[in-house]
Amino acid sequence: MTREYFRQLVEEAIDTIPLKFARQVRNLAIVIEDEPSDDLLDEMDIDDDSVLLGLYQGTPLNERGWGYGNTLPDRITLFQNTIEDECDDDEDEIIIAIGETLIHELGHYFGLSEDEIMAIEERYWRGEPDPADVEEVGEDAPQPPEPEE
């Protein structure tokens, strides 16, 4: 899959994640790389049996003090080849994996706990829109991809 086409799938996936993530993000770059480097995997103590689909690098919003500013954007890196391999190159699965990865990494950006992130991911996996989005915009709430039966 070309990088440009993968970027298009990232844009499609962004349209499926909760509005609070898309609306409240400031000074954050989404970067696509082929795969994590061996040095990065070693630094993060990720063994050969595990995979890294994405990575948030920056200072979570809840850790920023009054003096925070004048900094480079925080960064979410999506690892294209790793995502494609995990999804067996199935385009629908790739969109879901991108959406799940973005939700997880944006959760870190917002300073959410792993439990809070997991609750949002579970709704996404079930194909349920975020309740706050439904309350705010009704039928126009972003719809996660339908889970496969």
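**Helix contacts and core**

Tutor: Let us begin with two helices: Tyr5, Phe6, Leu9, Val10, Glu12, Ala13 and Ile14 in H1 meet Glu91, Ile94, Ile95, Ile98, Gly99 and Leu102 in H5. Please keep in mind throughout that this is a predicted model.

Student: What classes of residue make up the contact of H1 with H5?

Tutor: Sorted by class, the contact of H1 with H5 has 10 nonpolar residues, together with one polar and two charged.

Student: And at what angle do H1 and H5 pack?

Tutor: The angle between H1 and H5 is about 60°, and their axes are 9 Å apart. That angle makes H1 oblique to H5, and the crossing of the two helices is right-handed.

Student: How do the axes of H5 and H6 cross, then?

Tutor: The axes of H5 and H6 come within 9 Å and cross at roughly 155°. Angles over 145 degrees count as roughly antiparallel, and H5 and H6 are therefore roughly antiparallel to each other. H5 passes H6 in a right-handed crossing.

Student: Which residues of H5 and H6 make that contact?

Tutor: On the H5 side they are Ile95, Ile96, Gly99, Glu100, Ile103, His104, Gly107 and His108, while H6 brings Glu114, Ile117, Ile120, Glu121, Tyr124 and Trp125. By class, the contact of H5 with H6 divides into seven nonpolar, four polar and three charged residues.

Student: Okay, changing topic: how many residues are in the largest nonpolar core?

Tutor: The largest nonpolar core has 25 residues, and those with the most contacts inside it are Ile83, Ile98 and Leu106. The elements that give two or more residues to this core are helix H1 (3–14), strand E1 (28–33), strand E3 (74–79), helix H5 (91–110) and helix H6 (114–125). Of these, H5 gives the most, with 10 residues.

Student: What does Ile83 touch?

Tutor: If we leave out residues up to four places away in sequence, Ile83 touches Phe6, Leu53, Leu78, Ile94, Ala97 and Ile98. There is also a second, separate core of six residues, which includes Leu40, Ile46, Leu52 and Phe79.

Student: Now the loops. Where is Leu112 found, and what does it contact beyond its sequence neighbours?

Tutor: Leu112 is found in the loop between H5 and H6. Setting aside neighbours within four places in sequence, Leu112 is in contact with Phe21, Gly107, Ile117 and Ile120.

Student: Why does Leu112 count as partly exposed?

Tutor: The relative accessible area of Leu112 is 24%, and partly exposed covers values between the buried limit, under 20%, and the exposed limit, over 50%. Thr71, in the loop between strand E2 (54–57) and E3, is also partly exposed, with a relative accessible area of 37%.

Student: How far is Thr71 from Asn27?

Tutor: The C-alpha atoms of Thr71 and Asn27 are separated by 9.0 Å, and the two residues are 44 residues apart along the chain.

Student: One last thing: what is the phi of Asp45, and what about Asp89?

Tutor: Asp45 has a positive phi of about 55° although it is not a glycine, and Asp89, another residue other than glycine, has a positive phi near 60°. Asp45 is found in the loop between helix H3 (38–43) and E2, whereas Asp89 is found in the loop between helix H4 (80–86) and H5.

Student: Are those two buried or exposed?

Tutor: Asp45 counts as exposed at 70% relative accessibility, and Asp89 counts as exposed at 53%.

Notes. Residues numbered from 1 in each chain as written. Predicted model: local features only at pLDDT ≥ 70, side-chain atom pairs only at ≥ 80, totals over all residues. Heavy atoms only, no water. Core = buried A, V, L, I, M, F, W, Y, C linked by side-chain atoms within 4.5 Å. Buried < 20%, exposed > 50% of the residue type's maximum accessible area, 1.4 Å probe, protein only. Helix = DSSP H or I, 4+ residues; strand = E, 2+ residues; numbered from the N terminus. Contact = heavy atoms within 4.5 Å. Axes fitted to C-alpha atoms, helices over the stretch in contact; angles between N-to-C directions. Parallel < 35°, antiparallel > 145°, perpendicular 65-115°, else oblique. Left-handed = near helix turned anticlockwise from the far one by under 90°. Nonpolar A, V, L, I, M, F, W, Y, C, P; charged D, E, K, R; others polar.
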